[in-house]
Amino acid sequence: METKAKHIRKRRRAAKKALKTALALLLAAIVTVGAIFAVKAIHKARLRAEYVPLTADEIDIARLKGEAAETDPARLSVAQSALSLVGKVHYFWGGKSYSQGPDPKWGEMTEVQSSGSSTTGEIRPYGLDCSGFVAWCFLQQGLTNEELKNEVGLGTWAQWENSAEISWKELRVGDIVFQNAYPTNKGNHVGICIGFNDKGKPVFAHCALGFDNVVVTPAGDVFHYARRPNFYESLHKRAALFLYTELSGQIRHFSRDAFFYILCIETNNQKGACYGNKLNM
């Protein structure tokens, strides 16, 4: 029969063995967690390194690839409007514009009056903030100020609400991307897809405080959420309605963007398809 002392020694050895096993498992867990964090940190650092403005040549490549991939003239027109301001408009917190074409106020030294920014109270060249840039690009498509407010939105939250979630793989020229998902108290940033780089990845035009201008960059570690503006579906429906009423002899007044798109449809010999779309709406 085991003596009491022998039994105690046996239990101690078992306890030491269990402790060593536990420590080994703990060490393995620490190494694993550390490796996961390291991989994430490396991935984030790589994305951050990618977040740099494209050169003029790189923008041209992205634009051409976007034009090759996209057939919708409305989307291409939005992208063209976005590219027309690259390097030309300063970032200005709260900056909006209802100007068709370049706004004469851009560049004027103006006090930043909107609250909530590190630049509030500063005197800076007037320009656009990120959502103001997006709104201006859609305004150039012939929308009235009221249509712009209702169909696109002037701020990031309104632009989020007036768009639908899509996957990153579904991104097309003219779609928009956000830094954060709403609701959020982290603030936000928004840009417009204007094409694809030489690796086939989407690139975005946006007006950024960090660059104090309109730039084109990859998503980097900034843009995470892809959205499709409701504007395009609404535009197609108005175009179909315009054509339907025209063919049925009921001429009515429609906004310029609908007429513009009809001209594009007729140029592409798609009148019949559009007319049929109206009947099935």
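This is a predicted model: local features need pLDDT of at least 70, side-chain atom pairs count only at pLDDT 80 or more; totals for chains, interfaces and linings use all residues.
Me: How many of the residues of helix α4 are buried?
Reply: Helix α4 spans residues 130-139, and the buried residues in it include Cys-130, Phe-133, Trp-136 and Leu-139. The helix is largely enclosed by the rest of the structure, because its buried residues number 10 of the 10.

Me: How far apart in space are Ala-135 and Gly-153, C-alpha to C-alpha?
Reply: Ala-135 belongs to helix α4 and, with a relative accessibility of 3%, counts as buried. Along the sequence Ala-135 and Gly-153 are 18 residues apart, whereas in space the C-alpha to C-alpha distance is 6.8 Å.

Me: How many salt bridges does a search of the whole structure find?
Reply: A salt bridge is a side-chain nitrogen of Lys or Arg within 4 Å of a carboxyl oxygen of Asp or Glu. When the whole structure is searched, the number of salt bridges found is 8.

Me: Which residues are linked with Asp-60 in a network of salt bridges?
Reply: The side chains of Asp-60 and Arg-63 meet in a salt bridge at 3.8 Å, N to O, and because the two residues are 3 apart in helix α2, about one helical turn separates them. Asp-60 is partly exposed at 35%, and Arg-63 is also partly exposed, at 26%. The network of salt bridges links Asp-60 with Arg-63 and Glu-67.

Me: Is Asp-129 buried or exposed?
Reply: The side chains of Asp-129 and Lys-96 meet in a salt bridge of 3.0 Å, N to O. This pair links distant parts of the chain, 33 residues apart, with Asp-129 in the loop between β2 (123-125) and α4, and Lys-96 in the loop between α3 and β1 (109-111). Lys-96 counts as partly exposed at 27% relative accessibility, whereas Asp-129, with a relative accessible area of 7%, is buried.

Me: What is the relative accessible area of Arg-124?
Reply: Arg-124 forms a salt bridge with Glu-122, the closest N and O atoms being 3.3 Å apart. Glu-122 counts as partly exposed at 34%, whereas Arg-124 is buried, with a relative accessible area of 15%.

Me: Which residue does a cis peptide bond join to Tyr-182?
Reply: The residue in question is found in the loop between β4 (176-178) and β5 (190-196). Omega of this cis peptide bond is about 0°, and the partner of Tyr-182 is Pro-183.

Me: What is the phi of Asp-212?
Reply: Asp-212 lies in the loop between β6 (202-208) and β7 (213-217) and counts as partly exposed at 26% relative accessibility. Although Asp-212 is not a glycine, its phi is positive, at about 50°.

Notes
Residues are numbered from 1 along each chain as its sequence is written. Side-chain values use heavy atoms; hydrogens and water are left out. Buried means under 20% relative accessible area, exposed over 50%, partly exposed in between (1.4 Å probe, protein chains only). Helices (H or I, at least four residues) and strands (E, at least two) are DSSP runs, numbered from the N terminus.
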